[in-house]
Amino acid sequence: MKKIKNLLSFVLIFFFSLNISLANAEKIVYIDMDKIMQISKAGKDAISKINNQKKKDVSKFQKIEKDLKSKEEDLITKKNVISTEEFNKKLDALSKEINNYRTLRQQAIDVSTKSRLNASADFAEKIKPILAEYAAEKNIDMIIQKKNIIMGKTDLDITDEILKIVDKKINKLKVN
């Protein structure tokens, strides 16, 4: 019986303290930054520029690969016709071309990655004051990224409101 009274007391205290903490709760909202980056005018423009450059690079490297493969096939067909010394010279030259191709390709990948990171960093830098101003106007204590939330009320999502503001205030993002 004493254990039941203690348990009941504990439960009552717990619920009472929960109600007090809810009364003093901070206003917390969340935002989908990825959605804003992909849907905003500036974000779309930056992503489009990065993707267009990537397509150009892929096309260029496919042509180079095709050329290298044809050179390799040509060298293989001539293997028994030319001298071993001549074959080795041509093989070394082809190996150098392949290494140059790999280096150029890796450089293009690095430039693409750097462009994407620069655009994201510029976006984050430009959206911070917008979020700070919005939070001050709406008496918001905390804004959390949606990707860090497991579950939340949809009415706490301010993504669409911020998207409208971003489209008005951010015209362009640095890509390079």
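The model is predicted: local features need pLDDT of at least 70, side-chain atom pairs count only at pLDDT 80 or more, and totals for chains, interfaces and linings use all residues. Residues are numbered from 1 along each chain as its sequence is written, and side-chain values use heavy atoms, without hydrogens and water.

**Exercise 1.** State which element gives the most to the lining of the largest pocket.

Solution. 
- A pocket is an open set of points on a 1 Å grid over the protein atoms alone, where a 1.4 Å probe fits, with protein on both sides within 12 Å along at least five of seven lines; lining residues have an atom within 4 Å of a point.
- The largest pocket is lined by 19 residues, and Met33, Asp34, Met37, Ser120 and Phe123 lie nearest its centre.
- Two or more lining residues come from each of helix H2 (33–39), helix H3 (41–77) and helix H4 (84–138); helices are DSSP runs (H or I, at least four residues) numbered from the N terminus.
- H4 gives the most, nine residues.

**Exercise 2.** Find the residues that Ile127 is in contact with, leaving aside neighbours within four places in sequence.

Solution. 
- The largest nonpolar core has 23 residues, with Ile127 and Phe123 among those with the most contacts inside it. Such a core is a set of buried (under 20% relative accessible area, 1.4 Å probe, protein chains only) Ala, Val, Leu, Ile, Met, Phe, Trp, Tyr and Cys residues joined through side-chain atoms within 4.5 Å.
- Contact means heavy atoms within 4.5 Å.
- With those neighbours left aside, Ile127 is in contact with Met33, Ile36, Ile162, Val166 and Ile170.

How values were computed: Buried < 20%, exposed > 50% of the residue type's maximum accessible area, 1.4 Å probe, protein only.
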